[in-house]
Amino acid sequence: MAPAHLDVCRPTNGRTPRKHWHESGWSRLLLTFRVLMCILVIISLVFYTFCDSAFFPICYLPRFWLAGHCNGLAELLPPGVNSTTCPQWTALHPTKYRGLSEDLDVAYNSEDFKQRAIQALGDAVRVPTESYDDNGPVGEDSRWDTFAELHRVLEASFPRIYESLNVTKVNTYGLVFHWQGSTPAKPYILAAHQDVVPVEEQTVEEWKHDPYSGYYDGTWIWGRGTCDDKGDLIRQLLAIDSLLKQGFSPARTLILSYGFDEESKGIEGAGHLARYLEETYGRDSFALLLDEGDLYTDMGGIVFATPSTSEKGYLDVKITVSTLGGHSSVPPSHTSIGLLSRFIAAVEDNPHQASLSRRGTPFATTQCLAAYDPAYPGDLRKLARKAVADDAALKVLQERLLASDPLYKAMLGTTQAVDLVEGGVKVNALPERASAVVNHRIAEHSSVAELQQHVIDLLTPLATKYDLALVAFGSNVTRGGAGQVVLSDFLGTALEPSPVTPTGYGPWALLQGSIKAAFESSPTRNSSKVVVVPSLSIVSDTQFYWNLTKHIFRFSPSFDTDRFNGEHTVNEAFRADSLNEGVRFYTKFILNVDESDLP
């Protein structure tokens, strides 16, 4: 006898016997449900495979689909296929300004343009605009005066910009270039900084070429600041100058904002610039801001661009222990240095716990690498996809990541490092004071207040044990008769983690599309194998601009291999060919933002 569920398929001369009506009715409903589910699956697969920014600005599959047993999407994806967990927009070539963009692409390929770019960067590098941690205010410290010479060099290199744009100097050496648009659309900001870290005198002999020579050897441009950050500044100005030369007039106002003490505190430069821009335009008055930041990296033939969309916070905690002095021949059980060592040990023995949150930038970065990185381990790739909705998988993923690379500890949690210590003045005198400074980089999901409370809770039992009065960040916590321990914000540089830039449709999509368009239109790079990934960065000048826009990106359009030896070290040098390509990117970005429908 056939199974009962086949009754629905058995011929009945158009009629269903009454005794089977209940059974066959439910069978029909079940069959209909299965058909609908199959259709849904097919539609989801089609959307997933062919989803394109031109038709589907954001393409997400439901989480139950990602986590279900039918998930066949946990495999490596080619860059041209969109990912549900790392949305990619296609290359965005200017349409309104298509002819202008193509003409400039040709111009940027010329040897004449390359030589002009090399000359402009070399001239800027030859001015040693060093900033120091102990610089005094502008007007009181003569070491700032070298920036006046850089301004003269920039005006000589780009007279067309100085004639066409409104140039404002803020706090004497901060530069604001105002390129007025023809519409009331929100303006946007391109930022960079003019200063460089000092060259240590004892290392000058280690340089292949003088650190302020700006020497071009046929491949590299040598000198302090070529990589950080005069290269970005010059490439932005070259893009603006090229557009002006072609008669371009923007619809949307563009602001160039160049600080001059990013390598120290940022207060004299970007601090004043941000305040000026907020007073001039208002709070949240800009569509986006693009500053220096992370680079391109080639990973198995696929280019990963990693603009930073958030920054970790910052706090230096100074621990100062004070006790009675005296002759060391009659010492107490613990000197101030001995007590300080116990506080330091307590800090180091209790590191902050890492946390991989689905709402955090490190999780987004992980999902992108899992989707597109050819070298990503297959089992970890599947685990990452499962972690999108499965809490147990998320916990295992966190453990695996932390075990795989020390970098993840820094990405997923607050870090701490005891970097400074001092105490004692003579071998036969008891130290009356000893101190240490603990540097913290605060996790994206934490805060300054949470970190301060963590330190208080950690050190209070020790203060009580050794009868020390504890004063923490201006508040009395415990009493004691044997001395005092003070916790303070060393140099007053506490900084909250930054707001996280949205990575949905809008400014993020424009940045993605512009990066990919720059690659597609380049005769040397000529690649469509580009993936754009949000990332987390440490502190930069953008901290001062948080009030101006919610859309802040930290990105420099260069490969890591375009830097001879990195930055902040001997033999800093920048690959000359990258100058043209960076100008190409800034040009695409400016034109795309200008013709966009952003507010």
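The model is predicted, with local features requiring pLDDT of at least 70 and side-chain atom pairs pLDDT 80 or more, while totals for chains, interfaces and linings use all residues. Residues are numbered from 1 along each chain as its sequence is written, and side-chain values use heavy atoms, without hydrogens and water.

**Aromatic pairs**
- The whole structure contains 21 aromatic pairs, counted when ring centres of Phe, Tyr or Trp (its six-membered ring) lie within 6.5 Å; planes under 30 degrees apart are stacked, over 60 edge-to-face and the rest tilted.
- Trp 144 and Phe 147 form a tilted pair, at 6.0 Å between centres and 45 degrees between planes; both residues are buried.
- Tyr 296 and Phe 519 pair edge-to-face, at 4.8 Å and 85 degrees.
- Phe 519 also counts as buried, at 2% relative accessibility.
- Ring pairs join Tyr 296 and Phe 519 with Phe 555, Phe 559, Phe 585, Tyr 586 and Phe 589 in a cluster.

**Helix 5**
- Helices are DSSP runs (H or I, at least four residues), as are strands (E, at least two), numbered from the N terminus.
- Within helix 5, the buried residues include Phe 147, Leu 150, His 151, Val 153, Leu 154 and Ser 157.
- These residues lie on the same side of helix 5, because they cover an arc of only 160 degrees around the axis, taken from the directions from the helix axis to the C-beta atoms.
- On the other side of helix 5, Arg 152 and Ala 156 are exposed.

How values were computed: Buried < 20%, exposed > 50% of the residue type's maximum accessible area, 1.4 Å probe, protein only.
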